[in-house]
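Biologist: I would like to learn how to read helix packing and a core. Can you take me through a case?

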Amino acid sequence: MDSWGQHGLENLNSCFRRIKRLRSQLLQKKDSETLHQLRVNLRRVRSWVDQGAAALDLPRCLEADRVARQGRPLGRARDLDVIYDQLNLALLPQLPSQEQAQLKPLLAQLEGQRRQMKRLVNIHLSSSGHRHW
């Protein structure tokens, strides 16, 4: 039977393979679902680091705080995506035309913030700190 440490390492390796694949997909195009899956895998890594720290001899770059730091920009980008989609796809079609006109400047502002966050996420994912993962 495998030990807890071996099981943890296998799961971490699996997460890192997915993170690497998702990272390259996200750098090629902005896809809300890819961004979400990348965040999920970073949370899984953080969870394994938290839970398995005693059984695993991990490098310092895999401390839970450092892993969390890697995911923060992704979380902000995902939040903007969710807010924009909810307003644009769920709320906007249900509003009277006068209220739709009032909401459109906010949607344009959110779209600009999403573009800016996409650039920041790309810079973050291309940074040496993230590439070492």
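Biologist: Is Leu26 buried or exposed?

Modeller: Buried means under 20% relative accessible area. In this predicted model, Leu26 has 2% relative accessibility, so Leu26 counts as buried.

Biologist: Where is Leu26 found?

Modeller: In helix α1, which covers residues 4-28.

Biologist: Which residues is Leu26 in contact with, leaving aside neighbours within four places in sequence?

Modeller: Contact means heavy atoms within 4.5 Å. For Leu26 the partners are Asp31, Thr34, Leu35, Leu38, Leu74, Lys118, Val121, Asn122 and Leu125. Take Leu125: 99 residues separate Leu26 from Leu125 in sequence, yet their C-alpha atoms are 8.7 Å apart in space.

Biologist: Which residues touch the most other members of the largest nonpolar core?

Modeller: A nonpolar core joins buried residues through side-chain atoms within 4.5 Å. Here the largest one has 29 residues, and Leu26, Leu38, Val45, Leu74 and Val121 touch the most other members. Helices α1, α2, α3 and α4 (97-126) each supply at least two residues of this core. The most comes from α3, with 7 residues.

Biologist: Now the helix pairs. How do the axes of α2 and α3 cross?

Modeller: Look at the distance and the angle. The axes of α2 (residues 32-52) and α3 (residues 64-91) come within 9 Å and cross at roughly 155°. Angles over 145 degrees count as roughly antiparallel, which means α2 is roughly antiparallel to α3. The crossing is left-handed.

Biologist: Which residues make the contact of α2 and α3?

Modeller: From α2, the list includes Leu35, Leu38, Leu42, Val45 and Val49. Ser32, His36, Arg39, Arg46 and Asp50 also belong to the α2 side. From α3, the residues include Ala64, Val67, Ala68, Gly71, Leu74, Gly75 and Asp81. By class, this contact has 10 nonpolar, 5 polar and 5 charged residues.

Biologist: What about α3 and α4: at roughly what angle do their axes cross?

Modeller: Roughly 155°, and the axes come within 10 Å. The two helices are therefore roughly antiparallel to each other. The crossing of α3 past α4 is left-handed.

Biologist: How many nonpolar, polar and charged residues does the contact of α3 with α4 have?

Modeller: The count is 15 nonpolar, 4 polar and 5 charged residues.

Technical notes:
Residues are numbered from 1 along each chain as its sequence is written. This is a predicted model: local features need pLDDT of at least 70, side-chain atom pairs count only at pLDDT 80 or more; totals for chains, interfaces and linings use all residues. Side-chain values use heavy atoms; hydrogens and water are left out. Axes are lines fitted to C-alpha atoms, for helices over the stretch in contact, and angles run from 0 to 180 degrees between N-to-C directions. Helices (H or I, at least four residues) and strands (E, at least two) are DSSP runs, numbered from the N terminus. Angles under 35 degrees count as roughly parallel, over 145 as roughly antiparallel, 65 to 115 as roughly perpendicular and the rest as oblique. A crossing is left-handed if the near helix is turned anticlockwise from the far one by less than a right angle, and right-handed if clockwise. Ala, Val, Leu, Ile, Met, Phe, Trp, Tyr, Cys and Pro count as nonpolar, Asp, Glu, Lys and Arg as charged, and the others, Gly among them, as polar. Buried means under 20% relative accessible area, exposed over 50%, partly exposed in between (1.4 Å probe, protein chains only).
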